Amino acid sequence: MSAIKEFRRSTPAMTAEAADAARARLMEAIHQPEKGRERGATAARRLGLRAATSARRLGLRASAPARRLGLRVAVAAALALAAGASVVALRDDRPDMAPVAGVAELGERAARAAENDPTPAPRPTQWLYTKELQITGVEGDADRDQRDTWERWTSVDGKRSAWYQGGKLMFQGGAVMDPAELAEAPVTPAGVIGRIEAAVLDEDRRGPGELDGHVPPATLLMEVSQLITDQWLAPDVRAALFRGLPTIKGITVTRDVPVADGRRGVAFSLADAEARSYLVLDPATFRYLGTNSTRLKDRTYTWADGSKETFKAGTTGQTAQLEARIVDRPGQRP
Amino acid sequence: MSAETVEIDDGELIRRSAHDPEQFAALFDRYAKQIHLYAARRIGTQAADDVVAETFLAAFRRRGTYDTSFALARPWLYGIATTLIARHRRQEERLLRALSRTGVDPLPEALADAVTHRVAAQDRERELAGALASMSRGDRDVLLLVAWEDMSYDEVARALDIPVGTVRSRLHRARKKARNVLGDEEL
């Protein structure tokens with residue numbers, strides 16, 4: 001057995017930061033009954049959409065920053081309109097807003113804005129810092145809203161992410177979707193959507209096996225939202241994602257959709273039996289503003305540990321991107 | 001952690017953690033590093049970071065099902081980790097095939113800001129990687145738990161929740177495959 005015993009024996013030991021992060025997650029789970037769950041996680045959980053990637057892969061219940069993707073995906077995707085469809089009135093009276101005729105045009109305008117972004121490309125060793133305001137609540141009951149500011153750092157290569165927890169910088173491995181893979185030529189709208197579908201299906205085959213070879217449009221929208229929200233992407237990839245969105249079945253355009261900080265924008269929207277979700281862009285610049293979603297149906301999940309959790313219809317969530325800047329190091333604020 | 005908790009066995013610790021959950025943290029301190037090394041040798045250090053965190057979360061939540069008459073929780077924890085590693089099977093096999101093909105091991109991973117020297121693998125190592133990649137996951141699980149982690153057949157059976165006879169047959173198959181590339185003297 002000596003050859004096998006020696007095989008990769010020099011693999012580096014667990015870093016102190018990884019050990020701290022893993023232990024902190026365990027301690028958080030241990031202390032949950034006493035102190036309640038971390039607010040951000042609660043927010044995500046209350047929306048009750050299972051994360052498409054990380055959380056699903058882990059098959060574990062959402063627990064805060066630990067579930068980076070879970071949190072962000074759930075908030076971004078479960079998202080729904082706080083006051084319901086009636087608030088999404090069409091308001092074409094803003095002079096600065098040339099009306100978008102249809103979802104294809106929205107995709108095209110957003111793509112051009114991405115292509116014309118003058119920001120220089122970051123170095124591979126840099127990080128994208130994002131700061132997001134998150135609100136979750138229950139339709140028609142504003143007092144129950146929970147507000148949370150969530151800062152995170154995602155490496156430009158997509159391999160790591162970081163956040164502060166209890167004053168310490170925690171790290172986690174990267175997302176399922178490799179940005180370098182999305183950037184491989186040729187970059188086309190159908191191509192990038194296809195690569196995301198393939199990654200989701202691959203993940204599903206290894207994990208929950210729920211998809212039966214078909215990625216639901218809502219899951220696809222979640223994945224795209226997640227990439228657009230906090231992964232740095234080359235302009236052509238970002239543009240291809242925006243041009244690809246209108247090709248996802250059921251996606252339409254909705255105007256005047258609010259995000260968490262009160263701004264309003266024009267949105268890619270999708271409603272299915274479970275939830276109504278919006279990915280909201282600035283109506284003038286077509287830059288990303290935030291997300292908005294509402295759960296439409298009660299849903300009970302059985303988690304990996306056998307426990308069950310029910311998410312109520314009418315739970316709503318909004319996010320707003322307050323900042324998105326390239327920095328040199330994780331933990332560094334612009 | 002009190003001095004007492006380092007003396008009591010894992011089973012007793014898990015039993016106490018039913019009413020005093022903090023006791024469970026001692027298990028992390030006992031096993032996290034070795035489980036990380038095991039996972040990192042298979043799927044890389046970054047994926048191993050997640051596997052370790054998830055292993056202890058899952059173990060904590062399932063602690064009520066642990067048979068506390070077993071003094072050592074090590075096989076139980078390795079079993080959970082191995083299940084989580086299974087989700088990275090494609091990645092694991094891709095890395096092994098890359099080593100087998102090119103002689104350059106994609107693992108250990110470089111730190112972002114460190115210069116890593118990667119030494120071309122010896123022929124034997126390349127062939128072994130190819131053999132490991134071509135085994136079924138179940139056979140590989142058994143082989144690596146025995147070879148790397150020095151587990152007994154009973155412990156492997158408990159870790160993977162399979163009969164001891166199955167451990168023997170899987171190990172036999174895995175060794176045969178490895179022997180084909182390494183020669184008899186290695187096994």
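## Model and terms

Helices (H or I, at least four residues) and strands (E, at least two) are DSSP runs, numbered from the N terminus. By that rule, chain B has nine helices and zero strands. Its elements run α-α-α-α-α-α-α-α-α from the N terminus on. Chain A has 10 helices and 11 strands.

This is a predicted model: local features need pLDDT of at least 70, side-chain atom pairs count only at pLDDT 80 or more, and totals for chains, interfaces and linings use all residues. Residues are numbered from 1 along each chain as its sequence is written, while chains are lettered from A and ligands numbered from 1 in the order in which they are written.

## Confidence

The predictor gives the complex an ipTM of 0.88 and a pTM of 0.54. Confidence in each residue is given by pLDDT, from 0 to 100. For chain B the mean pLDDT is 85, and 87% of its residues reach 70 or more. Over residues 1–5 of chain B the pLDDT is below 50, and this stretch has five contacts beyond near neighbours in sequence. Residues 109–118 of chain B also have pLDDT under 50. For that stretch the model has eight contacts beyond four places in sequence. Two residues are in contact if their C-beta atoms, placed from the backbone, lie within 7 Å.

## Burial and contacts within the chains

A residue is buried if 20 or more other C-beta atoms, placed from the backbone, lie within 10 Å of its own; it is exposed if there are 12 or fewer, and partly exposed in between. Of the 334 residues of chain A, 49% are buried. In chain B, buried residues make up 47% of 187.

Now take contacts between residues at least 6 apart in sequence. In chain A, 66% of them join residues at least 24 apart. In chain B, 65% of them do.

## Where the chains meet

In the complex, 35 residues of chain A are in contact with 43 residues of chain B. On chain A, α1 (2–6), α2 (16–35), α4 (54–58), β4 (168–173) and α8 (189–206) each supply at least two residues of the touching side. The most come from α2(A), with 10 residues.

By class, this side of chain A has 19 nonpolar, seven polar and nine charged residues. Ala, Val, Leu, Ile, Met, Phe, Trp, Tyr, Cys and Pro count as nonpolar; Asp, Glu, Lys and Arg count as charged; the others, Gly among them, count as polar.

Two helix pairs follow. Axes are lines fitted to C-alpha atoms, for helices over the stretch in contact, and angles run from 0 to 180 degrees between N-to-C directions. Angles under 35 degrees count as roughly parallel, over 145 as roughly antiparallel, 65 to 115 as roughly perpendicular and the rest as oblique. In chain B, α7 (residues 137–147) packs on α9 (residues 164–182) at about 90 degrees, with the axes 8 Å apart. These two helices are therefore roughly perpendicular. Their contact has six nonpolar, one polar and four charged residues. In chain A, α6 (residues 103–115) and α10 (residues 235–244) pack at about 175 degrees, with axes 8 Å apart. That makes α6(A) roughly antiparallel to α10(A). Among the residues in contact are G107(A) and E108(A) of α6(A) and P235(A) and R238(A) of α10(A).

## Backbone details

Most residues other than glycine have a negative phi, and most peptide bonds are trans. A cis peptide bond joins A185(A) and P186(A), with omega about -5 degrees. P186(A) sits in the loop between α7 (179–183) and α8 of chain A.

D256(A), not a glycine, has a positive phi of about 60 degrees. D256(A) lies in strand β5 (residues 252–258) of chain A. D161(B) has a positive phi of about 60 degrees and is not a glycine. D161(B) is in the loop between α8 (153–160) and α9 of chain B. With 10 C-beta neighbours inside 10 Å, D161(B) counts as exposed.

Notes. pLDDT = per-residue confidence, 0-100.
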